Amino acid sequence: MLCHGKTQQFMEVIFNEIGILSEIIIVLENSSIVLRKQEAEKITSINGFSNRIEKLFKFKMGLREVKTRLNNLEKTEILKLISEMYKKVPAAKDFLDIYATGDIDELVEKYKKAIEKYVYPSGNNLVLKESEARKLIRKVRKMNVIELNIEIELHYVDCCLDVISDFGYWEDNYYVSVVKMYYSAVNGIAQIGLIDEYTERLENISSRASEFGLELYL
């Protein structure tokens, strides 16, 4: 069980690693345990989501302000806030699931499907949305779960190679993004010392890529 100090540290990890401060502020706005009475009265009197957020930022409620308020909360209040985040902030839920179970398999499959949706051409005009896949990967990286990053980065590379193979797609920036993503995964693998476990998979990707003039090395 988390002590009060460790609970506060845990909350700060969520803020810093997931990068969801703006969403946390929304939760705080709706939580009577955090906002001062005067602020709550002003905010709840404002109609419209955007107006409420604008009002919050007028209070300069940034990370420092959040940390200050956390220091004044009891353990039960912080746990209540974590519960609210789990229910209302998807990125926080993903992070907390990994924190609690250490299991990334479900999230790997979830993000793989999302990547496929973006990378593979869709519609009559075969629209490519790989930039959205990269945006998703950048967001996931903020959780700082290296094994998860590796899996989705390599999957992105595999999907892009499928597109190149099946549709003959050729565009310099597309190729550059594939190379960068591959080496990001390789760096992660080296960081956690799993080169041997991933060697065969990396060699297969490298072999496929070489057919299209892409040089990907271990």
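Visitor: Where does Arg-208 stand, buried or exposed or in between?

Guide: Arg-208 is partly exposed, at a relative accessible area of 25%. Keep in mind that this is a predicted model.

Visitor: What does the side chain of Arg-208 meet?

Guide: Arg-208 meets the side chain of Asp-162 in a salt bridge, with 2.7 Å from N to O. The two sit in distant parts of the chain, 46 residues apart: Arg-208 is in helix H12 and Asp-162 in helix H10.

Visitor: And how accessible is Asp-162?

Guide: Asp-162 has 23% relative accessibility and counts as partly exposed.

Visitor: Which residues are joined into a network by salt bridges that share partners?

Guide: Glu-84, Lys-87 and Lys-88 form one such network.

Visitor: How many salt bridges are there in the whole structure?

Guide: A search finds nine. One of them joins Asp-94 and Lys-110, whose closest N and O atoms are 3.1 Å apart.

Visitor: Why does Asp-94 count as buried?

Guide: Its relative accessible area is 5%, and buried means under 20%. Lys-110, by contrast, counts as partly exposed, with 42% relative accessibility.

Visitor: What does Glu-151 pair with?

Guide: Glu-151 pairs with Arg-201 in a salt bridge, 3.0 Å from N to O. Glu-151 lies in helix H10 (residues 146-167) and Arg-201 in helix H12 (residues 195-210), so this pair ties together parts 50 residues apart in sequence.

Visitor: Are those two buried or exposed, or something in between?

Guide: Glu-151 is buried, at a relative accessible area of 15%. Arg-201 is partly exposed, at 25%.

Visitor: New topic. Which residues form the negative surface patch?

Guide: Asp-103, Asp-105, Glu-106 and Glu-109 form it. Asp-105 belongs to helix H8, which covers residues 105-119. Asp-105 is exposed, with a relative accessible area of 53%.

Visitor: Zooming out, how many helices and strands does the chain have?

Guide: The chain has 12 helices and zero strands.

Visitor: What share of the residues is buried?

Guide: The chain has 218 residues, and 41% of them count as buried. Its accessible surface is about 12400 Å², with 49% of that belonging to carbon and sulfur atoms.

Visitor: What share of the contacts comes from residues 24 or more positions apart?

Guide: Among contacts with a separation of 6 or more, such residues account for 69%.

Conventions. Residues numbered from 1 in each chain as written. Predicted model: local features only at pLDDT ≥ 70, side-chain atom pairs only at ≥ 80, totals over all residues. Heavy atoms only, no water. Patch = residues over 30% accessible without salt bridge, like charges linked within 9 Å, V, L, I, M, F, W, Y side chains within 5 Å. Areas by Shrake-Rupley, 256 points an atom, 1.4 Å probe, with all protein chains shown as cover. Salt bridge = Lys/Arg side-chain N within 4 Å of Asp/Glu carboxyl O. Lys, Arg positive; Asp, Glu negative; His and termini not counted. Charge placed at Lys NZ, Arg CZ, Asp CG, Glu CD. Helix = DSSP H or I, 4+ residues; strand = E, 2+ residues; numbered from the N terminus. Buried < 20%, exposed > 50% of the residue type's maximum accessible area, 1.4 Å probe, protein only. Contact = heavy atoms within 4.5 Å.
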